[in-house]
Amino acid sequence: MTQYLDKAPDAGRRSRKAADPSAVKVVEVLIVGAGFAGLGSAIQLRKAGITDIAIVERGTEVGGTWRDNQYPGAACDIPSNLYSFSFAQNPGWTRGYSGSREILAYIKGLARDHDLLPLIRFQHNVEALHFDGGEGVWTVTLTGREPIKARSVVMAQGPLSNAGFPNMRGIETFQGKKIHSARWDHSYDFAGKRVAVIGTGASAVQIIPELVKVADKVKVFQRTPGWVLPRFDFQSPEWTKALFAKLPVSQTAVREAMYWIHESMALGMIWNTPMTKALEILGNRFREAQVKDAWLRRQLTPDFKIGCKRVLMTNDYYPALQKPNCELISWPIANISEKGIRSVEGLEHQVDCIVFATGFEVSKNGTPFPVHGLGGRDLNAEWSGGAQAYKSVQVSGYPNLYFTFGPNSGPGHNSALVYMESQIDYIVRSIGRLAAGKLKYIDVRADAQKTYNVDIQKRLAKTNWNSGCKSWYLSADGFNSTMFPGFATQFAKQMATFRERDYRLV
Ligand code: NAP
């Protein structure tokens, strides 16, 4: 129990509790998830002097999405110098765009170098959160374990952590192997196999070129062709690694340059501007250069604005589709059968394995587990019409609860870690305020949250994401609760100010 609690107004009641050996200890901050956001939060909290931290992680290893996404070809489409923490730069990146194993090694390095492993309780799966307004304490219910009590909770479980097979007719009847991109089975040998890949999103375009190298036949089932742009990847020369190690400021300068290049892309990707047209021309030229067959080119041509869905950065996807053992199928899928996939024109494509690169169950209309705030209010019910928060990190009625990658914090053009860092800094400031003020809780005002969201939704209406395509950014009825309608610089600016008048300090 932290010192400030002993001095709180009802300290008498609490200190009697503290004397009771059976009383449950209240952790100052409990973090859910040991991926980039969870570990980054722990590092920055400690730097701010907040050290009573526990991290619960449902897996057996740190790494989050980079531990889970180990499919062949998995890599990041943002340069590594920018897809890493500014406070923990890695001079040794081997490529411009690192693969998932190297990113996972970086995350493991963060945990090791910052001595975070003793804080992590592995195989702790959160089932629910309940806030007690009288005590100002969260109770964290866990599967098959004693609950944990915490003053503040940081939700860092990741927006793309729940991989699920899509709801397709007949999926349970398929007799062959089923693999999801985010739950890769490395023991399955693709050599000589007939493989179907469902999906042509960011994961699929990385998997397909690798499968084509080993499988006998690869059939790619495309529902919507995406915009593809070249990725300027390269092997890092030894001299830059040596320079970055010796002179960290040189790596910071490169990071800065990359940041501003990505910021400028927002002009074409987020809003419909002449730059959108220029990027589309680049995408069209790239397709014309890489795809020789006119009919295949037609099938691969998107019918929505660039930026509306995530842009696919890849040099080897189009060439892979044109290999003799690869076939693009753009007929919609009718159902899955015992032996393969039946498309609507009546053909059954018999395969040994189906790879589902079909994405994730994203919590746009709810939380990943029940969250009950002040007076028992239910966040799932409140978010059923679309998730909303204040500055993406806090929700009115749910005090001392913080979200990383909460509602409307997603970037389309810049590194997610840039956004994550400013969310973490905000959370650290708020938790620091709680401790400094010896407060029971901090709750964002409902009217401040409403005003913030009215503005966000007005701005979103003018973006390419809301321009008519279907994507995981939008709920079934078209509500955008995922993306931030602005530059990363604007997001950082809003997170840099903690406006106390927007809160109830109790
Ligand atoms: P995704 O972008 O949601 O793509 C899923 C694909 O599966 C889409 O092509 C979708 O078609 C298709 N699909 C889904 N359900 C289907 C169904 N019932 N029938 C037919 N097709 C279906 O998922 P993802 O590729 O796994 O990527 C998710 C996110 O992960 C990305 O947006 C990105 O944020 C992240 N990611 C990042 C990287 C990186 O390099 N940084 C790499 C991989 C993933 P439609 O387009 O028609 O919906």
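Visitor: Which residue has its backbone oxygen 2.9 Å from a polar atom of the threonine 404 side chain?
Guide: Just so you know, we're looking at a predicted model. Find threonine 404 in the loop between strand E18 (401-403) and helix H13 (416-436). Leaving aside neighbours within four places in sequence, it is in contact with several residues, including Val154, Met155 and Ala156. The backbone oxygen lying 2.9 Å from a polar atom of its side chain belongs to methionine 155.

Visitor: Is threonine 404 buried or exposed?
Guide: Buried means under 20% relative accessible area. Threonine 404 has a relative accessible area of 6%, so this residue is buried.

Visitor: How many residues apart are cysteine 308 and cysteine 469?
Guide: Cysteine 308 is in the loop between helix H10 (294-299) and strand E11 (312-313). Cysteine 469 is in the loop between helix H14 (446-460) and helix H15 (488-496). The pair links distant parts of the chain, and the separation is 161 residues.

Visitor: What is the handedness of the disulfide between cysteine 308 and cysteine 469?
Guide: Both of these cysteines are buried, by the way. The torsion about their S-S bond is about -100 degrees, so the disulfide is left-handed.

Visitor: Which cysteine has the sulfur nearest to cysteine 326?
Guide: Cysteine 326 is buried, with a relative accessible area of 8%, but it is in no disulfide. The nearest cysteine sulfur is 14 Å away, while a disulfide needs a pair within 2.5 Å. That nearest sulfur is the one of cysteine 353.

Visitor: On to the helices. Which helix do the buried residues of H7 pack against?
Guide: In helix H7 (residues 238-246), the buried residues are Thr240, Lys241 and Phe244. They cover an arc of only 100 degrees around the axis, which puts them on the same side of H7. The face turned away from that side carries the exposed residues Glu238, Trp239, Ala245 and Lys246. The buried ones pack against helix H8 (248-269).

Visitor: Last one! What distance separates the C-alpha atoms of isoleucine 53 and valine 27?
Guide: Isoleucine 53 is in strand E2 (residues 53-57), and at 6% relative accessibility it counts as buried. Not counting residues up to four places away in sequence, isoleucine 53 touches Val27, Val29, Ile31, Ala42, Leu45, Arg46 and Leu119. Isoleucine 53 and valine 27 are 26 residues apart along the chain, and their C-alpha atoms are separated by 6.4 Å.

Key
Residues numbered from 1 in each chain as written. Predicted model: local features only at pLDDT ≥ 70, side-chain atom pairs only at ≥ 80, totals over all residues. Heavy atoms only, no water. Helix = DSSP H or I, 4+ residues; strand = E, 2+ residues; numbered from the N terminus. Buried < 20%, exposed > 50% of the residue type's maximum accessible area, 1.4 Å probe, protein only. Polar contact = N/O pair within 3.5 Å; in protein donor to acceptor, adjacent residues only side chain to side chain. Contact = heavy atoms within 4.5 Å. Arc of directions from axis to C-beta.
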